[in-house]
Amino acid sequence: MSFLSNSGTVHVEVRVKNDFRISEIRNGLERALLVYFQSAINLPRNLAYLPDIFADQRQYLESVLLERDNGNGEAWQDTEDTKYRFHFYITQRVEPTGGLFPAGGSGDADDIDSVVAANHVLLPAVQFVGLWENLIYETGLKEKLLKFALSALTFSQHRVDMNVIACNRLLLLHGPPGTGKTSLCKALAQKLAIRTQGSYAYTHLVEINSHSLFSKWFSESGKLVARLFSKISELVADRNNLVCVLIDEVESLAYARSAMSSNEPRDAMRVVNAVLTQLDDIKACPNVLILATSNLAQSIDLAFLDRADMRLFIGYPGMPAIRAIYKGMLAELMTAGVLQREALEAEDAEEGLLTQLAERSIGLSGRTLRKLPLLAHAQYTSSDLFELNQKISLSDFLDAMLEALEQHLTEQRLLKIESLEEL
Ligand SMILES: Nc1ncnc2c1ncn2[C@@H]1O[C@H](COP(=O)(O)OP(=O)(O)OP(=O)(O)O)[C@@H](O)[C@H]1O
Ligand SMILES: [Mg+2]
């Protein structure tokens, strides 16, 4: 079954509560949603926020997300050309191997059996719900990534000869720290799990902890690598599984190679080579996708870099993305009841404050932006204006955000001066 689509398609991701069987409710729900789509004036992205529309279905419905194939998030109108593709899913509760492997071990910190070489999660997982939607980049970036992964999987389904057309199913995301590379890989794997259910019964995410492979057990690392990949091979052997392998901070492979000057050069080399050979072996299997991240692209092992089909630079968010991240965070604080519920209309004073805030935030990572509301709240509650048990007004909070941002920028400058002085 093909999982490809084009820009006229709207994907409808319906998350069903775990206690219900999708097959029993699917048809009724699909009909109800289609009737709703045809009558709605502007289709919002997230129907979960709309009260009462599906009052009858609430008992089994967790959320309904609409996503246009081209990634354009604006509201849209149903037309005759709109094609809907439904993806019903429930999230997985149980992790098949208890979450970590290699399993077993005495629990002794000095025992290699106790080293957590990888995390294993069955997808779609509850902890990744909403991750994709909350990562905000320029329009089309996430879709490019998703299309790449789907095209690569389509090539393998068609058994395209890899000797004729290079297709390693290896993707590298690189860029500065805190720009969402790791999160994006996990979110992509989750997205694939939801979108490729017709082809793969199970999607697994195996997150390799590169640092632990090259820890103080250098001499034991070879064993760890072998054991880890034999577990992965077991998963891959079942062609009903889609296995996404995430190698986070892949530059530690390169560090290991450059450890030539240290005491254990040959061990380090051997481990890196073992990882590369094992990767070559598993990526020959059609149901594997390897996702790697790095914030030091220039120091990634060349042998590894060469194998990547696609390298995508993930940079700091631009103005539209910063504004969207801020707006999302403010909306969350309103939903949670920390802020008063107020609209952010164009021309309002609050809108002006938001623009000012966004302009001052250029050059900051998504990670830093996400920390600001907490700092701002602390800032606000330490001011004399603060009244206990009252919801904060939007303009007061935006003022506090601006102050927190200025403090952050000052600290960042001081840190830079300090580190320059150390040189
Ligand atoms: N563009 C973005 N939109 C929304 N959230 C973002 C964005 N970039 C980063 N974040 C948030 O920042 C946090 C850190 O992201 P993550 O750890 O994935 O970054 P990273 O690029 O892997 O960082 P590092 O290079 O340090 O490993 C996450 O909570 C993520 O949601
Ligand atoms: Mg990371």
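User: What is the mean pLDDT of the protein?

Analyst: This structure is a predicted model, and pLDDT is the predictor's confidence in each residue, on a scale from 0 to 100. Of the residues in the protein, 86% reach 70 or more, and the mean pLDDT is 84.

User: In which helix is confidence highest, and in which strand is confidence lowest?

Analyst: Over residues 102-109 the pLDDT stays under 50, although the model has 17 contacts there beyond four places in sequence. Where pLDDT is low, the predicted coordinates should not be read in detail. Among the elements of the protein, the highest mean, 97, belongs to helix H4, while the lowest, a mean of 50, belongs to strand E4.

User: Which helices each supply at least two residues of the shell around ligand 1?

Analyst: The shell holds 20 residues, and the closest to ligand 1 are Gly180, Lys181, Thr182, Ser183 and Gly366. At least three residues of this shell come from each of domain 2 (100-313) and domain 3 (319-422). The helices that each supply at least two residues are H4 (181-195), H10 (319-335) and H12 (366-381).

User: How many residues of the shell around ligand 1 are polar?

Analyst: Sorted by class, the shell around ligand 1 has three charged and seven nonpolar residues, and the number of polar residues is 10.

User: Which residues touch the most other members of the largest nonpolar core?

Analyst: This core has 75 residues, and its largest share, eight residues, comes from H4. Valine 245, not counting residues up to four places away in sequence, touches Val206, Ile208, Ile232, Val288, Ile290 and Leu291. The residues that touch the most other members of the core are Cys244, Val245 and Leu291.

User: Is arginine 169 buried or exposed?

Analyst: Arginine 169 lies in the loop between helix H3 (141-157) and strand E6 (170-174), and its phi is near 55 degrees, a positive value in a residue other than glycine. A residue counts as buried if 20 or more other C-beta atoms lie within 10 Å of its own. Because arginine 169 has 26 other C-beta atoms within 10 Å, this residue is buried.

User: Why is glutamate 249 classed as partly exposed?

Analyst: Glutamate 249 is found in the loop between strand E8 (241-247) and helix H7 (251-258), and its phi, near 50 degrees, is positive in a residue other than glycine. Partly exposed residues fall between the limits of 12 or fewer for exposed and 20 or more for buried. Glutamate 249 is therefore partly exposed, since its count of other C-beta atoms within 10 Å is 19.

Terms used. Residues numbered from 1 in each chain as written. Chains lettered and ligands numbered in written order. Predicted model: local features only at pLDDT ≥ 70, side-chain atom pairs only at ≥ 80, totals over all residues. Near = placed C-beta within 6 Å. Helix = DSSP H or I, 4+ residues; strand = E, 2+ residues; numbered from the N terminus. Nonpolar A, V, L, I, M, F, W, Y, C, P; charged D, E, K, R; others polar. Domains from an automatic or database assignment. Contact = placed C-beta atoms within 7 Å. Core = buried A, V, L, I, M, F, W, Y, C linked by C-beta atoms within 7 Å.
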